Amino acid sequence: MRSLETRGWSMTRSDVHAGSASVRRMLAANAMTPTNLARVLVVEDEADIAALLELHLRDLHASVTRCDDGLRGLEAALGQPWSLIVLDLSLPHLDGLEICARLRLSGNRTPVLILTARSSESDRVIGLNVGADDYLPKPFGVAEFIARVRALLRRLPTNEDNLQRWRIGDLVVDAMRRDVQRGHEHIALTSREFDLLCFLVRNSGKVFNRAQLLNEVWGFSNDSYEHTVSSHINRLRAKLESDPARPRYLLTVWGVGYRFAEH
Ligand code: CA
């Protein structure tokens, strides 16, 4: 039986199909409504990994379409609405970074989770800079993959969220259109900046520390990433506040964290 250990998966193929059924059931039991009926595009040219991803995504009740080529992956990504795109970086014909960049240039904001054997800091930063929502270096464990997928799918607007539109001072935050306006000006936010803003606005007045925000908006907890929250808050302030040094909306609660001004 061929082991997938070398690819970073701590399971053999037989585990995946039989022995680990209880683990899969346990992970799937945690799948909540947002993953139901989610449509996931997996662009991955390594058949073993693609099959494994598909198996675990189906356990989350997602429907899965696989593509093993970069050009066809881009075509599929642009051609249909998806809940999530899982994108390998090294692909035949078109690199994953290029796919992600072209998607975002076209205005497509589908959440993208990048998978890659490259794990250097610069690749991670490049991945996030071209508009990927999250980045998972290979090797990674199944539980981590599922946690990231669930976090990204949780960010899809529910029916209730779809109707939400908040007017706060001179800001209008429209969850359905994922649009923010200040006065008559549309403010360009990255996908993650928008999610962070939406989370804080939805919970106006409540204080969150950086670890909580990382967990709620990014879907994972890791001390070494907490500075990411601060840098996103700073960027949001620069875009939304008329005086970022004296914020009116995104308030710091010293020694604790951040809150959005009550409205
Ligand atoms: Ca590859």
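I began with the pair α4 and α5, whose crossing is right-handed. The model is predicted, so I read everything here as computed.

**α4 against α5**
I looked up the axes of α4 (residues 70-79) and α5 (residues 96-105). They come within 10 Å and cross at roughly 25°. Angles under 35 degrees count as roughly parallel, so α4 and α5 are roughly parallel to each other. I then listed the residues that meet. From α4 I noted Gly70, Gly73, Leu74, Ala77 and Leu78; across from them, α5 supplies Ile99, Arg102 and Leu103.

**Trp82**
Next I moved to the loop between α4 and β3 (84-88), where Trp82 lies. Is Trp82 buried or exposed? I found 20 C-beta neighbours inside 10 Å, so Trp82 counts as buried. The cut-off for buried is 20 or more. Leaving out residues up to four places away in sequence, I have Trp82 touching Arg39, Val40, Leu41, Ala77 and Thr110. Ala77 is also one of the α4 residues that meet α5. I checked Ser63 as well: 19 residues separate Ser63 from Trp82 in sequence, and their C-alpha atoms are 9.9 Å apart.

**α3**
I tested the length of α3 (residues 47-59). At 1.5 Å a residue, its 13 residues should span 18 Å, and the end C-alpha atoms are 18 Å apart, which agrees. Which residues of α3 are buried? I noted Leu52, Leu53, Leu57 and Asp59. These cover an arc of only 155° around the axis, so they sit on the same side of α3. Last, I looked just past the helix: His61 takes a positive phi of about 70°.

Note on methods
Residues numbered from 1 in each chain as written. Predicted model: local features only at pLDDT ≥ 70, side-chain atom pairs only at ≥ 80, totals over all residues. Helix = DSSP H or I, 4+ residues; strand = E, 2+ residues; numbered from the N terminus. Expected span 1.5 Å × (residues − 1). Buried ≥ 20, exposed ≤ 12 C-beta atoms within 10 Å, placed from the backbone. Arc of directions from axis to C-beta. Axes fitted to C-alpha atoms, helices over the stretch in contact; angles between N-to-C directions. Parallel < 35°, antiparallel > 145°, perpendicular 65-115°, else oblique. Left-handed = near helix turned anticlockwise from the far one by under 90°. Contact = placed C-beta atoms within 7 Å.
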